[in-house]
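Trainee: Before I rely on any label for this model, I would like to see the value behind it and the cut-off it is judged against.

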Amino acid sequence: VELVTKMISGVNALIREDKQLQATFPLVRSEHSLVKKHLSPTIWNKLKDHKTATTGSTLMDCIVCAVELDNQHVGIYGADEDSYRDFAPLFDPLILDYHGLSSSFSHTSDMDSSKVKVKIEDEGPIVSTRIRVGRNIEGFGLSPGITKQQRIDLEKMMEKAFGTLEGPLAGKYFPLLGMDSATKQQLIDDHFLFMEGDKNLQLAGMERDWPEGRGIFHNAAKEFLVWVNEEDQLRIISMQKGGNVNEVFERLAKGIAAIEKSVASSAGKKFQLHPKYGYLHSCPSNLGTGMRASVHVHLPGWVKAGRNFLKARCEQLGLQPRGSRGESGGDTGDLFDISNKHRLGYSEVELVTKMIEGVNALIKEDKELQASFPVVKSEASLVKKHLSPE
């Protein structure tokens with residue numbers, strides 16, 4: 001009798017709760033996303049009606065990509081600094097899951113380029129070096145939630161900050177709004193211009209009011225670049241031809257420090273810095289350093305061995321390989337974009353050091369593979385599939 005009674009009572013509860021979930025719980029189309037994995041009915045019911053103070057954003061605003069698209073891995077964006085605090089019951093486990101960290105981890109930032117004690121040993125195969133980070137300023141929404149007026153005010157603030165940059169960092173700001181065709185074409189030719197049309201950014205709200213409040217700064221030498229109000233409020237980039245990673249990192253550190261000082265003195269604002277997650281970004285995948293330190297490098301020996309083995313070797317080294325045209329640029333011969341894999345739980349100095357050490361190892365191994373590894377012409381053969389460098 002007790003068991004039957006418990007079953008009936010339990011089923012009644014499940015049916016009642018099911019009706020509530022049908023009415024309110026979102027259908028997450030990205031079945032394999034971290035949002036699908038971690039968003040429980042308890043979390044949803046607790047947070048679904050809350051609005052953040054800075055931008056008035058809801059939890060649904062943050063997870064809309066996972067709900068509407070079927071191809072998301074993470075599936076959530078922070079609408080503002082408040083999101084990471086107010087919606088922490090979802091963000092916290094999701095962040096730890098993505099970055100492979102335990103709840104006891106700590107993050108420390110270190111932009112002191114003099115602490116990088118290694119360098120690229122053979123720059124011959126390297127075409128170029130690029131290091132970027134994201135930064136967002138307190139008091140303004142992150143790109144998914146930022147209001148139109150906040151975006152305009154932030155752009156004005158940054159125009160003033162760029163005007164204070166001196167020496168090699170000095171340059172010009174190019175607002176997207178009202179940009180003439182000649183300037184636009186030059187920025188396209190320089191591969192500096194960011195464009196609208198990304199489905200994820202559109203759906204997340206990051207392309208609202210395009211192109212107002214957005215623009216690009218670069219110095220005279222075109223080696224220091226800042227995107228304003230793209231995926232993050234600031235995407236700060238240092239780059240140059242060749243493999244002098246240390247010089248690129250040093251320029252980046254000086255540029256960030258100069259911008260931070262200018263914004264603090266003129267507007268009393270700081271970069272958004274979370275006590276646990278480091279520098280905040282729109283996407284949780286960029287939390288911590290927000291750093292991607294990369295080189296374009298020719299690796300013909302690894303092409304002989306097979307791209308799958310290069311990918312596995314990069315995983316061992318804490319690196320990420322891409323084609324030189326980016327994440328979805330396709331096959332580009334033997335030219336690869338090799339970067340650090342991690343963002344959170346490591347300092348900037350650690351990530352740059354790891355990237356340099358890993359690239360040195362890949363170049364050394366590549367020469368050995370060029371000299372000794374056989375060219376397997378049967379690309380679809382089992383020999384090609386299973387014959388590893390080891």
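The conversation below takes up several labels in turn and sets each against its definition.

Mentor: Keep in mind that this is a predicted model, in which local features need pLDDT of at least 70 and side-chain atom pairs count only at pLDDT 80 or more, while totals for chains, interfaces and linings use all residues. Residues are numbered from 1 along each chain as its sequence is written, and side-chain values use heavy atoms, with hydrogens and water left out.

Trainee: Why is Asp82 called buried, and how is Arg85 classed?

Mentor: Buried means under 20% relative accessible area, exposed means over 50%, and partly exposed lies in between, with a 1.4 Å probe and protein chains only. Asp82 has a relative accessible area of 6% and is therefore buried, whereas Arg85, at 55% relative accessibility, counts as exposed.

Trainee: How do you know that Arg251 forms a salt bridge with Glu247, and how are the two classed for accessibility?

Mentor: The closest N and O atoms of Arg251 and Glu247 are 4.0 Å apart, and the pair is listed as a salt bridge. Both residues lie in helix H10 (residues 245–267), four residues apart, about one turn of the helix. Arg251 is buried because its relative accessible area is 13%, while Glu247 counts as partly exposed at 37% relative accessibility.

Trainee: What makes the salt bridge of Arg292 with Asp337 a link between separate parts of the chain?

Mentor: The closest N and O atoms of Arg292 and Asp337 are 2.6 Å apart. Arg292 lies in strand E8 (residues 292–298) and Asp337 in strand E10 (residues 335–340), so the pair ties together parts that are 45 residues apart in sequence. Both Arg292 and Asp337 are buried.

Trainee: How do you know that the structure holds a cavity, and what lines the largest cavity?

Mentor: A cavity is a set of points, on a 1 Å grid over the protein atoms alone, where a 1.4 Å probe fits but cannot get out, and its lining residues have an atom within 4 Å of a point. The structure holds one cavity of 30 Å³ or more, and about 40 Å³ of space lies in the largest cavity, where volume is the space filled by probe spheres set on the points, which are joined across faces, edges and corners. The lining consists of Phe194, Met195, Leu201, Met206, Glu207, Trp210, Glu230 and Glu231.

Trainee: Why are five residues of that lining counted as nonpolar and three as charged?

Mentor: Ala, Val, Leu, Ile, Met, Phe, Trp, Tyr, Cys and Pro count as nonpolar, Asp, Glu, Lys and Arg as charged, and the others, Gly among them, as polar. By that division the lining has five nonpolar, no polar and three charged residues.

Trainee: How is Asn229 classed, buried or exposed?

Mentor: At 2% relative accessibility, Asn229 counts as buried. Asn229 is not a glycine, yet has a positive phi of about 60 degrees, and is found in the loop between E4 and strand E5 (234–241).

Note on methods:
On a 1 Å grid over the protein atoms alone, a cavity is a set of points where a 1.4 Å probe fits but cannot get out, and a pocket is an open set with protein on both sides within 12 Å along at least five of seven lines; lining residues have an atom within 4 Å of a point. A salt bridge is a side-chain nitrogen of Lys or Arg within 4 Å of a carboxyl oxygen of Asp or Glu. Helices (H or I, at least four residues) and strands (E, at least two) are DSSP runs, numbered from the N terminus.
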